[in-house]
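Here are some friendly notes to read with the model open beside you. Take the points one at a time and find each residue as you go.

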Amino acid sequence: VLGSDVAGEVVAAESSCQRLKVGDRVWGDIGANTKTLQGEKTKELGGYGEYAVALESQLATIPPGVSVQTAGALPKVALTSYKALVWYAGAKNDSLWQRSPTVLILGGSGGTGTTGIQLTKQFGAGNIITTTSKNNFEYCKGLGATTLIDYHTQNWWDSDVVADGSVDVVYDCVGQDGTGDRAMQKLRSGGYFVTIAGALANKVKPGTHQAFFINSDTNLDNYDLLRELSALMGAQKLTMPKIKTYPLSDMKAAFNESATGQVCGKLGISF
C-alpha cells in the first residue's frame, strides 16, 4: 500500500507506547527509506489505507482546532521544509537568520513551497521572494511572501529580477536544470542553497553552502520536529490553506493532477 502522509485516530497501541493511546488524534509521515532485517533497502509506506501502521516516534497529536484534513496535508511537506531550512540552511542556528535574511523560495504555491514560506517567516526572514504563476500571487502573499515573480514572464536568475549577491538562502522546490549554478550567482557570502529536487551547482561559490536531501531518509523518528510543528499549527502559524481532496477510488486522477506540476496547495485522499 502506497502513501506517506497520515492523519486520523489511534485504534490500537502496543503496550510499549509511552505517549499515545487509543482515541488520540495523530498526524505524521510514515514514508521512510529503511532496511529489512536482512539488510535490503526498502521503504515503509501504507498511508493510502483505511488503517496504517506507524512507529510512535513517527507521530504527534493533532492540536485542538486543527482538522484531520489539514493535518493530513502537512506532514511530508512541513517536515521537508523544516529540515531543509533548519538542518541545511542554518535557520535557528546561523546568525544570518537574526538579521532578517532574504530568502528565495522556488515554487512557492506548491506543498513544500507553502510550508517553506510560512516557516521562513517564523524563522525570521525579512524579504521572502517566491516564484509562482500570477494566478497564485495572492495565495503566496497570504502565506507571507513579500516579493512575487511570475515564472511565466520573468526568470528569477536574471539580474534585473533578483540582483546577484542579494539573497541569503535559496530553497529549491522545483528542480529545474541549472538551478544550482544560477542560485550561486544570487547568494551573498555565507548564504545557503538547499534543493529537494537534486539540481546542485557544478561549482560552489566560495563562502556559500549547498545541500540536497531526501526527507524519507530521516523519517523513522520525527517526534520532536512534529511537536514543534504542531505548536505552530495550533497557533495558526502553519497551515495548508488550499486542499483538493479526492476519494480513494479516484486516486489515479489525483496522481494525474499532481503530475502536471500545477497544483496550488496540496492534494489529499479521503476515505
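1. **Before you start.** This is a predicted model, in which local features need pLDDT of at least 70 and side-chain atom pairs count only at pLDDT 80 or more, while totals for chains, interfaces and linings use all residues. Residues are numbered from 1 along each chain as its sequence is written, and side-chain values use heavy atoms, with hydrogens and water left out.

2. **Salt bridges in general.** Side chains of opposite charge can pair when their charged atoms come close. Here a salt bridge means a side-chain nitrogen of Lys or Arg within 4 Å of a carboxyl oxygen of Asp or Glu.

3. **Lys76 and Asp29.** In this salt bridge the closest N and O atoms are 2.9 Å apart. The pair joins distant parts of the chain, with Lys76 in helix H2 (residues 75-87) and Asp29 in strand E2 (residues 25-29), 47 residues apart. Helices (H or I, at least four residues) and strands (E, at least two) are DSSP runs, numbered from the N terminus. Buried means under 20% relative accessible area, exposed over 50%, and partly exposed in between (1.4 Å probe, protein chains only). Asp29 is buried because its relative accessible area is 0%, whereas Lys76 counts as partly exposed because its value is 22%.

4. **Lys141 and Glu138.** Their side chains form a salt bridge of 3.6 Å, N to O. Both residues belong to helix H4 (residues 137-143) and sit three residues apart, about one turn of the helix. An α-helix has 3.6 residues a turn, so residues three or four places apart point the same way. Glu138 is exposed at 58% relative accessible area, and Lys141 is partly exposed at 43%.

5. **Glu257 and Lys244.** The closest N and O atoms of this salt bridge are 3.0 Å apart. Again distant parts of the chain are linked: Glu257 is in helix H7 (residues 251-259) and Lys244 in strand E12 (residues 243-247), 13 residues apart. Glu257 is partly exposed, at 21% relative accessible area, and Lys244 is partly exposed too, at 43%.

6. **A closer look at H2.** How many of the 13 residues of H2 are buried? Eleven are, so the helix is mostly covered; among them are Val77, Leu79, Tyr82 and Leu85. At 1.5 Å a residue (the expected span is 1.5 Å times one less than the number of residues), H2 should span 18 Å, and its end C-alpha atoms are 17 Å apart, which agrees.

7. **Thr208.** Find Thr208 in the loop between strand E10 (187-195) and strand E11 (209-212). Thr208 counts as buried because its relative accessibility is 9%. Setting aside residues up to four places away in sequence, Thr208 touches Met184, Leu187, Arg188, Gly190 and Gly191; contact means heavy atoms within 4.5 Å.

8. **Thr70.** Is Thr70 buried or exposed? At 14% relative accessibility, Thr70 counts as buried, and its place is in helix H1 (residues 68-73). Apart from neighbours within four places in sequence, Thr70 is in contact with Thr239, Met240 and Ile243. **A nonpolar patch.** Leu200, Phe212 and Ile214 make a nonpolar surface patch of about 250 Å² (residues with over 30% relative accessible area and no salt bridge; like charges are joined within 9 Å, nonpolar side chains, Val, Leu, Ile, Met, Phe, Trp, Tyr, within 5 Å).

Definitions and conventions
Accessible areas come from the Shrake-Rupley method with a 1.4 Å probe; for residues, only the protein chains shown count as cover.
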